[in-house]
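Visitor: I would like to learn how to read a protein model. Please take me through it one feature at a time.

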Amino acid sequence: MLRIAVPNKGSLSETASVMLSEAGYAGRRDPKELHLVDARNGVEFFFLRPRDIATYVGSGALDVGITGRDLLLDSGSAAREVHALDFADSTFRFAGPSGRFRALTDLQGVRVATSYPGLVGDFLRSNGVEAELVKLDGAVESAVQLGVADAVADVVSTGATLRKAGLEIFGPVILDSTAVLIGSPEPRAGQDTLLRRLQGVLVARKYVIMDYDLPLALLDRATEVAHGIESPTVSPLKDPEWVAVRVMVSRADTNQIMDELYELGARAILVSPIHAARL
């Protein structure tokens, strides 16, 4: 059986579980359950702290797992990133008291508080900067005010929390992180099936199916508006001058494409969600 590590709590947990369910895998009924066997699909799930998942997978104790790219890089694990899963996005930046820091080199020899010493330490060393890292488990924005550190390195969304603490962002982006599927150093049997299923969920979330009727003479122009993944499916109608067209389009562009097709002459335009896909 393929042994899969899944986050048991935090921002990664719920979305990861929903994604696996949409991919056809069994889900746990009790949120306190730490182990689940899905015999039908030939997998075992282990529900673990997100920060520990890369360690388990990198050691070979588990085959694959879902965690954050930031947690993978911070762990120093031998696990490898297999595929980005496009949720739980975050950005890591440096911040310090207003006006004190301007460039990354200003961190030379100062104290930097962070919950990700592995990630931040590697970034600083790769840029030739030596700083003293102060490891904290959370709320690092208070570290400067309390005198524990001179600057911080943390996840940034709008920067509002940092500004409230009297800090301003400076220097380059440390990392753009997202949820990722990670694998043990050596690929395991069943991993490709899991990856295809998860990719199918990603496609289903990004695309919809659009059906419409169109005068045959306008088909080439309509195909320029919505060309699909390969090409549209075209079926004849009772009226030989009209055809029915089915095409996969980006969910984000759905209404714009509908507007363009309608102006072109398409009618009976219908949009349907995709439950799962294989491309």
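Guide: What follows goes from the whole chain to its annotated spans, and then to single residues.

Visitor: What should I know before I start?

Guide: This is a predicted model, in which local features need pLDDT of at least 70 and side-chain atom pairs count only at pLDDT 80 or more, while totals for chains, interfaces and linings use all residues. Residues are numbered from 1 along each chain as its sequence is written, and side-chain values use heavy atoms, with hydrogens and water left out.

Visitor: How many helices and strands does the protein chain have?

Guide: Helices (H or I, at least four residues) and strands (E, at least two) are DSSP runs, numbered from the N terminus. The protein chain has 8 helices and 15 strands.

Visitor: What does the radius of gyration say about the protein chain?

Guide: The radius of gyration is taken over C-alpha atoms, and the globule rule is 2.2 Å times the number of residues to the power 0.38. For 279 residues a compact globule would come near 19 Å, but the protein chain has 24 Å. The C-alpha trace spans about 80 × 50 × 35 Å along its principal axes.

Visitor: How much of the protein chain counts as buried?

Guide: Buried means under 20% relative accessible area, exposed over 50%, and partly exposed in between (1.4 Å probe, protein chains only). Of the 279 residues, 44% count as buried.

Visitor: Which residues does the catalytic domain annotation cover?

Guide: UniProt positions are given in the numbering used here, feature names are shortened, and annotations may be inferred rather than shown by experiment. An unreviewed UniProt entry gives "domain: ATP phosphoribosyltransferase catalytic" for residues 49–198. That span is 27% helix and 32% strand, and its end C-alpha atoms lie 21 Å apart. UniProt, again in an unreviewed entry, places "domain: Histidine biosynthesis HisG C-terminal" at residues 204–275. The span 204–275 is 29% helix and 40% strand, with its end C-alpha atoms 6 Å apart.

Visitor: Which residues have a positive phi without being a glycine?

Guide: Asp-86 is one of them, with a phi of about 60°. Asp-86 sits in the loop between strand S5 (80–84) and S6, and is partly exposed at a relative accessible area of 42%. Ala-88 is another, with a phi of about 55°. Ala-88 also belongs to the loop between S5 and S6, and its relative accessible area of 32% makes it partly exposed.

Visitor: Is Thr-67 buried or exposed?

Guide: Thr-67, in strand S4 (residues 64–68), is buried because its relative accessible area is 0%. Setting aside neighbours within four places in sequence, Thr-67 is in contact with Leu-12, Pro-50, Ile-53, Thr-178, Ala-179, Val-180 and Ile-182. Val-180 is 113 residues away along the chain, yet the C-alpha atoms of Thr-67 and Val-180 are separated by 5.7 Å.

Visitor: What does Gln-191 touch?

Guide: Not counting residues up to four places away in sequence, Gln-191 touches Leu-2, Val-64, Arg-80, Val-82 and Gly-183. Gln-191 lies in helix H6 (residues 191–206) and is buried, with a relative accessible area of 5%.

Visitor: Where is Asp-137, and where is Ala-252?

Guide: Asp-137 is in the loop between S8 and S9, and its relative accessible area of 73% makes it exposed. Asp-137 and Arg-205 are 68 residues apart along the chain, with 34 Å between their C-alpha atoms. Ala-252 is in the loop between strand S14 (242–250) and helix H8 (254–264); Ala-252 is exposed, with a relative accessible area of 73%. From Ala-252 to Val-208 is 44 residues in sequence and 9.3 Å in space, C-alpha to C-alpha.

Methods:
Contact means heavy atoms within 4.5 Å.
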